[in-house]
Amino acid sequence: MSRPDFHIYSVQEACVLFAQHFNLAATAIRLPGERDLNFHMTCEDGTQFIFKIYAPGTDQDWLAAQDQVLDHIARIGGFPVPQLLLSKADSSTTAITDDDGNRRLLRTLNWIDGTVWAKARESHDLDFAQIGTLLGRLDDCMKEFDHPAAHRDFLWDIAQTSKHREFSDLIGDDNVRAYVTDILDRFDHGIAEKLAKTPRQVIHNDANDYNLLVDGNLTINGLIDFGDFIETHRICNLAVALAYAMMDQPDPLACAVDIITAYHRVNPLGEDEVAILYDLIACRLAQSACMAAQQYAKEPDNDYLLISQAGVNDLLARMAKLNPAIAHYRFRDACGWEPCPGSRKVVNWLTVNADQIGPVIPQSMDASNLHIVDLNGLSLDPDGKLRPANIVTDAIFAAMDAANAEVGVGKYLENRKVYQGPFFETATRGEWRSLHLGIDLFVPDQTPLFAPLDGVVVVSNDNARDFDYGPIIILEHKTPCGLTFYTKYGHLSRTSLPVSPVGKTVRKGELVGYVGPYPENGNWAPHLHFQIMVDLVGMGADICGVAAASEANVWSSICPNPNLMLGMAIDCQDIVERAPAKITAERSRHLGPNLSISYKKPLKMVRGAGQYLYTDTGEKYLDMVNNVCHIGHSHPRVVAAAAKQAAELNTNTRYLHDNIVNYANELVATFPDPLSVCFFVNSGSEANDLALRLAQAYSGRREMLIVDHAYHGNLTSLIDLSPYKFNRKGGKGCPDHVKICPMPDGFRGPIRSDDPECGRKYADLAIDQLRAFEAEGRPPAAFIAESVLGCGGQIFLPDGYLKHIYAAVRASGGLCIADEVQVGFGRVGSHMWGFELQDVVPDIVTLGKPIGNGHPLGAVITTREVANAFYNGMEYFNTFGGNPVSCAIGREVLHVIRDERLQANARIVGDHMMARLREIAAGNPLIGEVRGAGLFIGIELVHSLETKEPATEKAGQIANMMKDRNILISTDGPMDNVIKIKPPITFDLDDANTFLGNFEECLALVTP
Ligand SMILES: Cc1ncc(COP(=O)(O)O)c(C=O)c1O
């Protein structure tokens, strides 16, 4: 570093100054800096600061403007940005005169203890999405901010890229100079104009990899240095961050996509911004190269200026090889938009005009003449190596013969293992281009091929590389409404090329070429690779026929399903499988953000059997969370019943069918009289909503009595009845027509379970609410309660509780609803229904979750009297409720519970669990209470049996530790300190012992 021409304060002098102006005794360490002096100060009490002594000539107004930015951000709150320490004189900036008579400014910010992103990246896999989330939120917060000083000419403003042209000649490296010149040209010929039309605001403008800090968990805990802030185009902030984040990444675009996805999620971008983003990233790199060249020319000894220049040059070189159109489409995909603009319109035109499209091959495309080729299976030897073309050809044509089909079909979006040469390797570590973008038609070589529509030959080429296409022809088609798209014919014979020279106009039905033999067709079994392209993305004859699976969205948008033109009435499109991280990203693009995912490292489940779940990597998990797949995941009898009925008939209830009455009979038979009438619906929520309508119709009232912390469903009407939702984040509090009865929690509530009158006393508290309604002259329509309180923390109702409340509610003219969505169908072991534990008969019972073993089904069971009151002339129509398939499934679930004696199993295994858990609890004060019946069990964790302080964190830790041991459990309750156990009721004694052993060990690990 060159020596500045002003006083350099020593660390001792810095300490003296710091003490003088901030009244703090501290030790100092000097940090690097271009001109300003930066000291890391540590005070006696351990607090740390960064103390800055600015170079002479620093603009105090500019520092004041930065202070205002920090102030604004601090006011909004929640951002990991430095905060100012005011001096003794209550000012953020203090002026002093140094020994040389220079005016120097002092400023102190709190120290953020982190590692710079650039360094952390060298040894860790970082979550790049964090950068996007931070910047998106920051830009959103800065929308409200402005300052005259931010409106300035600044060479680091991407909007001022043109001004760098005067420095580009100073770039020493010929290649870098060429890239930079090209970028500047593009900026001046279009990008600048487009940028000018995008939104403006004040931005940080320097979220580079040295200004971002991460903590020990690799979470961003600091964005520092607001010295480059400026009022310019919002998108430039993201472009700057991307330029630095993409450096040294194996797939720079993938990392950019992660950041853009996250940014867009919190601060939606515009299509016009995203269209120029890739160019703006390049502009930032070009600016960096120009600035470094200019400054290096002035100070050839100043190595500090060259920091990160190698990374800039490397990324410039790599970006020069990337396809900007693909980058743009990947960025659009990151925002959840149609990746290739216009694709949907082409698909629609082809769909609407299907009858205008002619055949491509002479063979019949009737389904009976087609055979799906198992290409991976027939092409690879036992070691996974591609077999010779003659052997593959014989195998494929033999399979077609055996199926009596003249045409073999290779599927669209099939993930193939046959593309093994270096030609198919992508820039991404370990990823190959394997996803098939066309449809293959295996027919004998020399089969003539015809144009399905009028077109013009735009490519006629022999792609002679090994395993490439061999001869290839691409036609351009224009629709009457002005759309353009292309069709590709690959793996042809060489004789095809003179048939279709570039520029030739081809009419629909006219000869295009011939299927080629191996090896001239690239050395494949004879077939036509037929592909539709909406855009050739500048690739011409090299337009991909297979793509990396990670780019499936982009390439399937560029290349829609060719069956739009081939018209084969068979399933010729494969399912794209994605790695867990990709699924997470995909969910964030196309699903509502309030869907949550379990676990920090989410699990991708691909199979379930019994009480076990299996991940994509084949790991087996014991499922103790799932009370939906009640009789075991994918129970074969349920699957068979569903398949059988689905293959026969599925209609609505307006036709007569045996299933609905058989099921209703059998279901009602499990209930005590007078519960005898069923309504079939599609979910627990729908069941509860219908229960409300029944109660309202019966009573002519609207008011409802509910129990605290309850959850009754996701419909508007039920959020109103769910304190678990309306009293927590995002909720609007208790609505006027609802009164809340306290949870009858005999462990933690005001009345304890050792009180012999516990049930009655809690009932009295509920009846107080009933009386309050009555006093207001609006008695309630109904009282609704879960038969065991699930979200409340597995709370079992004390004896007599429901009996007293039911009597009072009925006397007041209201109805009693039991929500059995969680606990019904034998789970509690001793009884089929949870309300039976209370020795009551509700007026309405609602069923869900376990009823269909995973199939969306629900039911309401009520009395004839209530059902009749609802019958007021308005039809109750439910499109899917009670359909023959759902009824077949529901009925089979009942049969399996009976035939496999699963209710008894729930009782036996539940008793075993409870006995052992109580023994464990007796020796461990962390367990406040164990409560349960059958396979519905709660373990409440507390720090102290006296205070009952909830051990929420410990409960979470145990759940995570158990996950690491392949056992899935969840936590719940108002304080989230109750371990919740509700496995499929096939859960057996071995499973119970596996759980108990591991639980005991995990408990010991978190016990102080
Ligand atoms: C007690 C209770 N009632 C109703 C529901 C709503 O059921 P669904 O999610 O099927 O709509 C739930 C769901 O968790 C529930 O636990």
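This passage looks at the ligand site and then at some salt bridges in the structure. The model is predicted, so local features need pLDDT of at least 70 and side-chain atom pairs count only at pLDDT 80 or more, while totals for chains, interfaces and linings use all residues. Residues are numbered from 1 along each chain as its sequence is written, and side-chain values use heavy atoms, with hydrogens and water left out.

Start with the ligand. Residues near it (a heavy atom within 4 Å) include Ser683, Tyr711, His712 and Lys849. A polar side-chain atom of Ser685 sits 2.4 Å from a ligand oxygen atom, and one of Gln822 sits 2.9 Å from a ligand oxygen atom. For Asp819, a polar side-chain atom lies 2.7 Å from a nitrogen atom of the ligand. On its own the ligand exposes 390 Å², and the protein buries 86% of that (Shrake-Rupley method, 1.4 Å probe).

Now for the salt bridges (a side-chain nitrogen of Lys or Arg within 4 Å of a carboxyl oxygen of Asp or Glu). The structure holds 54 of them. Arg637 pairs up with Asp899, their closest N and O atoms being 2.8 Å apart. Arg637 is partly exposed at 28% relative accessibility (buried is under 20%, exposed over 50%, partly exposed in between, with a 1.4 Å probe and protein chains only). Asp899, at 38%, is partly exposed too.

How values were computed:
A polar contact is a pair of N or O atoms within 3.5 Å; within protein, one must be able to donate a hydrogen and the other to accept it, and residues adjacent in sequence count only if both atoms are side-chain atoms.
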